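Let's take a walk through this structure together, moving from ring pairs to surface patches.

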Amino acid sequence: MKRNTLSNAVSESLSPAPDTLDTHGNRRRTLLKGAAAATVATGTITGAPMIWAQNIKDVTLRQFGTGVSNLNDVAAKVKEDLGFTLEMTALDSDSVAQRAATQPNSFDIADIEYWICKKVWPAGNLQAMDTSRIDQYDNIVGIFRNGKLNPDSEIAQGTAPHSVGFVDGSDGTEFVDEESGWMTLIPTIYNADTLGIRPDLIGRPIESWAELLNPEFKGKASILDISSIGIMDAAMVAEASGIITYGDKGNMTREEIDTTINMLIEAKRAGQFRAFWKSFDESVNLMASGEVVIQSMWSPAITAVKAKGIECVYQPLKEGYRSWGGGLGLSKNLSGLELDAAYEYINWYLSGWVGGYLMRQGYYSAVPTTSKEFMSADEWGYWFEGKAAEGDIVSPTGQTIASTGDVRDGGAFEERMGRVACWNAVMDENQYMVRKWNEFIAA
Amino acid sequence: MSASIDTPAAAGRPAAAVPGKRPRGRLSENLLGWLLATPFVAVLAVFLLLPIALIFVVSFWETSAYSYGPAFILDNYGYLLTSSVTLSVYVKTLMFTALTWAITLLIGFTVAWFLAFHVRSLGVQISLFLLCTIPFWTSNIIRMISWIPFLGRNGIANSVLLDLGVIDAPLEWLLFSDFAVILAFVHLYTLFMIVPIFNTMMRIDRSLIEAARDAGASGFQVLRHVVLPLTLPGIMIGSIFVVTLVMGDFITVRFMSGGQSASVGRTIANEIALLQYPAASANAVILLVTVLLMVGVLMRFVDIRKEL
């Protein structure tokens with residue numbers, strides 16, 4: 001059914017088109033550029049390319065990804081601005097990786113993290129994107145292009161996004177080091193993660209990752225049970241405690257894995273952990289109910305705890321942050337009008353509305369300059385520049401997150417993203433690590 | 001030889017049928033039987049046997065860093081059968097199963113006994129029985145998760161106990177512990193024990209009990225020598241339900257232990273989540289064999305087909 005209507009739509013769209021496509025599809029691109037420029041000028045998006053509007057309405061793009069960016073508000077706005085339908089499915093990171101690797105026909109757009117990309121790209125279900133069709137490509141933050149936030153930044157350990165960001169052609173399977181013009185994922189959001197704490201229940205400053213295993217918090221600590229991320233948090237703790245210094249936390253040797261897991265097992269046997277969490281809401285409940293006072297946490301979970309009127313701090317720690325980034329990948333099955341719609345969607349994604357929405361939730365967008373246009377000066381100051389709020393800071397869903405005088409935990413963008421110690425990663429010894437992780441869970 | 005198949009219809013057939021026609025009649029009756037069974041056999045073959053066969057095949061495949069593919073290797077089983085994780089996970093799972101089975105049996109038998117022998121009116125019996133099923137109108141997950149705020153450190157149970165002065169500090173082991181896991185299992189699965197036991201108890205000829213009493217049997221003797229043997233098929237059916245459900249569970253263990261305890265189901269779920277399909281398949285095959293053995297042992301105690 002769907003394919004039929006689509007092929008009709010494609011033929012309809014191609015025959016009456018007044019100007020023909022050149023070999024690189026440049027007609028559309030110039031058209032889009034014009035539309036985007038107009039958009040920026042007026043500050044509102046009004047359904048970009050008019051010629052396509054009629055046919056593109058029939059397109060449905062199926063996107064899946066983790067809950068963080070799979071927001072129904074985005075789907076609704078896509079319908080409003082671009083006219084086509086975006087179906088969203090939210091899954092946990094493991095299921096996302098699984099689906100991207102094994103069910104290529106079940107999606108058109110994969111919203112995945114960079115470490116998942118490293119894992120699933122070789123399965124060959126995704127196609128690389130032509131960066132010349134991405135309007136805002138030049139404004140994408142350096143982290144995703146050459147790996148450097150500033151020219152003098154040091155590249156953190158782990159699966160740094162730029163290292164799996166490019167391949168050598170639309171169906172290239174090997175990652176390349178330079179900006180090749182073919183991007184695997186278009187970065188959407190990223191953030192710097194650290195430990196969440198309940199300052200009211202701890203009552204003293206927390207400055208190091210090592211505190212997670214401090215016996216003072218026996219039975220009141222938690223770590224996330226997604227092995228690939230949990231092991232990184234554990235590595236931050238192990239290094240901070242002086243147990244070990246890693247060559248690369250994102251790609252440990254077997255000995256390093258053993259040392260890390262043994263540390264965790266010892267702590268578990270001593271009753272350090274109250275629970276392990278796997279999903280966002282579990283972490284919120286653990287923290288809000290006071291079962292746990294210090295744990296691995298994600299930024300919106302902090303916001304969710306605060307929204308319940310409970311004190312909760314996303315504690316900057318001296319060893320730095322564990323960072324992650326996500327992006328949109330295109331299914332290999334996309335072609336013709338659907339592929340054009342996907343490019344349109346990606347350009348729209350980077351044009352600011354989504355970025356503003358996500359930044360007001362505490363994430364960062366890939367192109368902060370466009371997001372700025374969709375945020376008030378106070379919001380921009382609070383979320384991006386680390387300035388004290390001049391009034392109430394309200395989330396996109398209407399919750400008051402901060403009030404006058406509050407400063408974001410960790411401060412400004414540069415201060416947070418500039419202090420990344422490692423990126424979420426998938427290791428060469430992945431299978432060994434998973435087995436050891438299972439030993440930890442079964443211990 | 002087809003004539004040796006002992007179908008109930010054939011067994012009930014008069015022996016003095018015309019010898020010449022008998023084989024033909026039986027043959028078509030057999031044929032009819034097979035035809036009637038065909039749709040069910042087909043459904044089972046496609047949706048049960050084929051998937052199990054595939055799982056078996058995949059369990060010999062190999063996994064590389066980020067993908068997996070056809071091969072014939074024994075590594076998956078090799079690791080599984082030599083790893084200390086497997087042993088500890090099975091011990092834990094069997095512990096959950098044994099305790100849950102014993103507790104659900106005790107509660108299930110008592111409730112069924114009360115319903116079957118102490119409640120005289122059929123109307124009350126049915127309404128009380130329906131009452132038992134009411135919690136099952138909500139989802140399994142909801143029933144399980146609702147324990148979490150109740151048992152938590154600052155939960156209702158702890159607040160009440162603290163207010164009553166029974167304890168001085170919140171009981172930590174109420175939630176995210178093996179206790180919580182077994183509590184949830186018992187809550188979730190007791191009905192699976194009550195229903196078959198109640199069913200078999202209702203079919204016990206009351207005159208047998210009267211006869212036992214007339215012969216001077218005490219209440220306990222009636223229970224031990226009359227009711228228990230006659231209820232055995234129900235107990236076995238209930239046990240099979242409970243044992244298979246608990247052995248295969250992964251979500252209850254994860255939620256109620258706060259991720260602290262492992263079970264075989266959880267290990268499989270983790271492996272699937274991490275795309276380790278061959279390892280998960282090998283694990284599933286071993287679990288299937290274990291559960292089949294357990295069910296086989298249960299079946300030794302009673303011939304369910306004869307009793308039903």
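**Aromatic rings, then surface patches**

Tyr345(A) and Trp348(A) sit three residues apart in helix α12 (residues 336-350) of chain A, so about one helical turn separates them. Keep in mind as you look that this is a predicted model. Tyr345(A) counts as buried because its relative accessibility is 0%, and Trp348(A) counts as buried too, at 3%. Both values fall under the 20% cut-off for a buried residue.

How many aromatic pairs does the structure hold over all chains? The count is 33. Tyr345(A) and Trp348(A) form one that is stacked, with 6.1 Å centre to centre and 20° between the planes.

Now turn to chain B, where Trp147(B) and Phe150(B) both lie in helix α7 (residues 147-151). These two are three residues apart, about one turn of the helix. Their ring centres are 5.8 Å apart and their planes stand at 75°, so this pair is edge-to-face; planes over 60 degrees apart are counted that way. Phe150(B) has 32% relative accessibility, so it counts as partly exposed.

While you are in chain A, find Thr260(A) in helix α9 (residues 254-269). Is Thr260(A) buried or exposed? Thr260(A) counts as buried, because its relative accessibility is 0%. From Thr260(A) to Phe217(A) there are 43 residues in sequence and 19 Å in space, taken C-alpha to C-alpha.

Next comes the surface. In chain A, a negative patch is made up of Asp168(A), Asp171(A), Glu174(A), Asp177(A) and Glu178(A). Glu178(A) belongs to the loop between β6 (157-158) and β7 (182-183) of chain A. With a relative accessibility of 48%, Glu178(A) counts as partly exposed.

Leu48(B) lies in helix α2 of chain B and counts as partly exposed, because its relative accessibility is 40%.

Definitions and conventions: Residues numbered from 1 in each chain as written. Chains lettered and ligands numbered in written order. Predicted model: local features only at pLDDT ≥ 70, side-chain atom pairs only at ≥ 80, totals over all residues. Heavy atoms only, no water. Patch = residues over 30% accessible without salt bridge, like charges linked within 9 Å, V, L, I, M, F, W, Y side chains within 5 Å. Areas by Shrake-Rupley, 256 points an atom, 1.4 Å probe, with all protein chains shown as cover. Salt bridge = Lys/Arg side-chain N within 4 Å of Asp/Glu carboxyl O. Lys, Arg positive; Asp, Glu negative; His and termini not counted. Charge placed at Lys NZ, Arg CZ, Asp CG, Glu CD. Helix = DSSP H or I, 4+ residues; strand = E, 2+ residues; numbered from the N terminus. Buried < 20%, exposed > 50% of the residue type's maximum accessible area, 1.4 Å probe, protein only. Phe/Tyr/Trp six-rings, centres within 6.5 Å; stacked < 30°, edge-to-face > 60°.
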